[in-house]
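Here are a few notes to read alongside the model.

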Amino acid sequence: MAKLIVLGRLGGLNDYIAAERTNKHLAAKMKREDMETVMWAAKSSLRGWRPKTPVIMHYSWYERDRRRDMDNVSSYGRKIIQDALVKGGFLRNDGWAHIKGFTDEFYVDSKRPRIEVTFEEAIDDA
């Protein structure tokens, strides 16, 4: 099993939608910056890891507090993380053939907000 740890937190879906409605360039900048954060974390956490089978991604979201809704945090976050892992060459693709599913769990850690993603290699039944 491999584990990705992204320190801090990513934007949320509500933040992204607000940025998109305000200025498409602002939304693109937000997405680019969040993807760069994930790629840097992946380069240190996932050195040499490349799955040979599809994966199930287990997300643990550690928020500073309970202010953001869980779906706001995870919907945008999963998209950014999966896109960054593909762009960084850690996953071949983020479609059905390469990601079999995912789980989400939520915690509060006011001193060390972060995202932990554990990768479970799944049986390839394609």
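**Notes on the fold**

1. Helices here are DSSP runs of H or I with at least four residues, strands are E runs of at least two, and both are numbered from the N terminus. Please keep in mind that this is a predicted model, in which local features need pLDDT of at least 70 and side-chain atom pairs count only at pLDDT 80 or more, while totals for chains, interfaces and linings use all residues. Residues are numbered from 1 along each chain as its sequence is written, and side-chain values use heavy atoms, with hydrogens and water left out.

2. Is Asn72 buried or exposed? Asn72 counts as buried because its relative accessibility is 8%; the cut-offs are under 20% relative accessible area for buried and over 50% for exposed, with partly exposed in between (1.4 Å probe, protein chains only). Leaving aside residues up to four places away in sequence, Asn72 touches Gly12, Leu13 and Asn14, where contact means heavy atoms within 4.5 Å.

3. Four strands form an open sheet in the order 1-4-2-3, with mixed pairing; two strands pair if DSSP finds at least two bridges between them. Strand 1 (2-7) and strand 3 (99-108) are at the edges and have a single partner strand each, so one side of each lacks a neighbour in the sheet.

4. Within that sheet, strand 2 (residues 55-63) and strand 4 (residues 114-121) are antiparallel partners over eight bridges. Ser60, for instance, has Glu116 in strand 4 as its bridge partner.

5. Helix 3 comes back here: it lies across strand 1, strand 2, strand 3 and strand 4, at about 130 degrees to strand 2. Axes are lines fitted to C-alpha atoms (for helices, over the stretch in contact), and angles run from 0 to 180 degrees between N-to-C directions.

6. Which residues touch the most other members of the largest nonpolar core? They are Leu4, Leu46, Met57, Ile81, Leu85 and Phe119, out of 30 residues. Such a core is a set of buried Ala, Val, Leu, Ile, Met, Phe, Trp, Tyr and Cys residues joined through side-chain atoms within 4.5 Å. Helix 2 supplies the largest share, seven residues.
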